[in-house]
Amino acid sequence: MSDYKKEGQQLTLYTTEGCHLCEQALSLLEPWLVKGYGLAKVDIAEDELLMARYGERIPVIASPCGMEIGWPFTGKELEDWIGRLRC
């Protein structure tokens with residue numbers, strides 16, 4: 001992985017209970033968590049607006065500046081997305 005200078009940045013994973021794709025996304029995020037990125041997991045089932053927005057798109061990872069990457073994505077695509085974050 002490249003030398004990213006965004007360690008400590010908080011990412012958000014929109015997920016819900018029993019979502020096996022969300023578990024796969026979380027495993028792709030693990031190397032970034034080890035590098036110091038923060039992660040907030042948000043269960044969309046607890047909010048009608050989030051269900052409407054993400055219900056058929058989860059897992060979705062969001063940055064603090066509002067950029068999102070939705071499933072499907074590979075580890076390389078996630079790395080490229082994180083590399084493009086400018087917030």
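These legends accompany close-up views of the aromatic pairs and disulfides in a predicted model. Local features need pLDDT of at least 70 and side-chain atom pairs count only at pLDDT 80 or more, while totals for chains, interfaces and linings use all residues. Residues are numbered from 1 along each chain as its sequence is written, and side-chain values use heavy atoms, with hydrogens and water left out.

**View 1. The aromatic pair of Trp32 and Tyr37.** Rings of Phe, Tyr and Trp (for Trp, the six-membered ring) are paired if their centres lie within 6.5 Å; planes under 30 degrees apart are called stacked, over 60 edge-to-face, and the rest tilted. By this rule there are three aromatic pairs. In the pair shown here, Trp32 and Tyr37 are edge-to-face, at 5.6 Å centre to centre and with 85° between the planes. Trp32 and Tyr37 are both buried (buried is under 20% relative accessible area, exposed over 50%, partly exposed in between, with a 1.4 Å probe and protein chains only).

**View 2. The aromatic pair of Trp71 and Phe73.** The ring centres of Trp71 and Phe73 are 4.9 Å apart and the planes lie at 70°, so this pair is edge-to-face. Trp71 has 23% relative accessibility and therefore counts as partly exposed. Phe73 is buried, with a relative accessible area of 5%.

**View 3. The disulfide of Cys19 and Cys22.** A disulfide is a pair of cysteine sulfur atoms within 2.5 Å, and a search of the whole structure finds two. In this one, the sulfur atoms of Cys19 and Cys22 are 2.2 Å apart. The link of Cys19 and Cys22 is right-handed, with 75° about the S-S bond. Both Cys19 and Cys22 are buried.

**View 4. The disulfide of Cys65 and Cys87.** The S to S distance between Cys65 and Cys87 is 2.4 Å. With -55° about the S-S bond, the link of Cys65 and Cys87 is left-handed. This pair links distant parts of the chain, 22 residues apart: Cys65 is in the loop between β3 (60–62) and β4 (68–70), and Cys87 is in the segment after α3 (75–84). Helices (H or I, at least four residues) and strands (E, at least two) are DSSP runs, numbered from the N terminus. Cys65, at 40% relative accessibility, counts as partly exposed, and Cys87, at 41%, also counts as partly exposed. With bonded cysteines counted along the chain, the disulfides follow the pattern 1-2, 3-4.
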